[in-house]
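Student: Hey, can you walk me through this structure? I'm new to it.

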Amino acid sequence: MTPLLQSPSFVADDKLAFLDISGRRFRIGTLGTKKVIIVMTGLGMLNSGLATELLLTLFMVSGVVHFGIAGNANPNLQVGDVVIPHKWAHTGLWNWQRYGDGPQDKLPFESYGDYTRKIGYLNLSDYNNGAVNMKSSDNLLNNVWYQPEEIFPVNGIPEVRQHTFLVTVDKHYFAVVEKLKDMKLVGCINSTCLPRTPMVFPVERGGSANIFVDNAAYRKFLNFKFNITPIDMESAAVALVCAQQRTPFIVIRALSDLAGGGSSQSNEGGMFAPLAAQNAVNVVLRFIALLFS
């Protein structure tokens, strides 16, 4: 948030610069010619969901632009690149299957419509060390099945739930992304430069959970299973609240590290996080200018 507030493009309102509500500071001002409200979500799905719900409940906003840094699950991209996913998934809602059951066995409460086997699962024995005869050994942790979230849309019937695993960003917002591909982004910090100049990439999916992923095996699984590129701890909650409130949204995330490590430069989150944060802000400013031009 700091690079955005320090940008000359942001001008605080001269009559009411901010409101402090429920532990949040809602900063009020303009970015260029557009009136904006800026609020920090805080870490994790709970904080980001609460901040978004407060924002949409207390203020009349036309849409949400959520931004920040993220881990990277796509080895074809690099630190500093800015990615804008078309869809977001919450990958931390699981049904953990008991030992002895398998893909052919119903999950508890599946028959009531509470859980499903349609999305897929992670077989933990696939990642055991010391496999015998080239086969994975047994694992008491068994399988975890990924689940959709329940949402209750504001224009739906109260207490009648809908299930969603992938939340799609606003199509009009996403159409602007094509105009961002030629942006010049920051590629060096403290005389250390990245192998190439960072770029803006529209990608298919991002994923969030209350997990800081610094594990190469799980990063590769998320990328292979769900085609996820950025991994963070907040964006899916923002997406789900916006979907529930029927509010347009988009997420802009700059890659600060390759989750779980890779090359000598791809897991340097501490070094490149400021660079990634600045690139995210630069793209946000350009996006808003294009959206309302």
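Tutor: Of the 293 residues of the chain, 46% count as buried, where buried means under 20% relative accessible area, exposed over 50%, and partly exposed in between (1.4 Å probe, protein chains only). This is a predicted model, so local features need pLDDT of at least 70 and side-chain atom pairs count only at pLDDT 80 or more, while totals for chains, interfaces and linings use all residues. Residues are numbered from 1 along each chain as its sequence is written, and side-chain values use heavy atoms, with hydrogens and water left out.

Student: Got it. How many helices and strands are in the chain?

Tutor: Six helices and 17 strands. Helices (H or I, at least four residues) and strands (E, at least two) are DSSP runs, numbered from the N terminus.

Student: And why call the chain as compact as a globular protein of that length?

Tutor: Its radius of gyration is 20 Å, close to the 19 Å that the globule rule gives for 293 residues, so the chain is as compact as a globular protein of that length. That radius is taken over C-alpha atoms, and the rule is 2.2 Å times the number of residues to the power 0.38. Along the principal axes, the C-alpha atoms fill a box of roughly 65 × 55 × 35 Å.

Student: OK, what about the inside? Which residues have the most contacts inside the largest nonpolar core?

Tutor: Ile84, Leu180, Val200, Phe249, Ile250, Val283 and Phe287, in a core of 45 residues. A nonpolar core is a set of buried Ala, Val, Leu, Ile, Met, Phe, Trp, Tyr and Cys residues joined through side-chain atoms within 4.5 Å.

Student: Which elements give two or more residues to this core?

Tutor: Among them are strand 3 (24–31), strand 6 (82–90), helix 5 (235–245), strand 17 (249–258) and helix 6 (269–291). Helix 6 gives the most, with nine residues.

Student: Let's zoom in. What is leucine 180 in contact with?

Tutor: Leaving aside neighbours within four places in sequence, leucine 180 is in contact with Ile84, Val200, Val283, Arg286, Phe287 and Leu290. Contact here means heavy atoms within 4.5 Å. There's also a second, separate core of 15 residues, which includes Leu122, Leu222, Phe226 and Ile231.

Student: Back to helix 5. Why is it described as largely enclosed?

Tutor: Nine of the eleven residues of helix 5 are buried, so the rest of the structure largely encloses it. Ser235, Val238, Leu240 and Cys242 are among those buried residues.

Student: What comes after helix 5?

Tutor: Arginine 246, whose phi is positive, near 55 degrees. This arginine is in the loop between helix 5 and strand 17, and at 41% relative accessibility it counts as partly exposed.

Student: Which charged residue sits over the ring of phenylalanine 18?

Tutor: Arginine 25, with its charged end 3.8 Å from the ring centre. The cut-off is NZ of Lys or CZ of Arg within 6 Å of the ring centre and within 35 degrees of the ring normal. Lysine 34 lies over the face of phenylalanine 292, at 4.2 Å from the ring centre.
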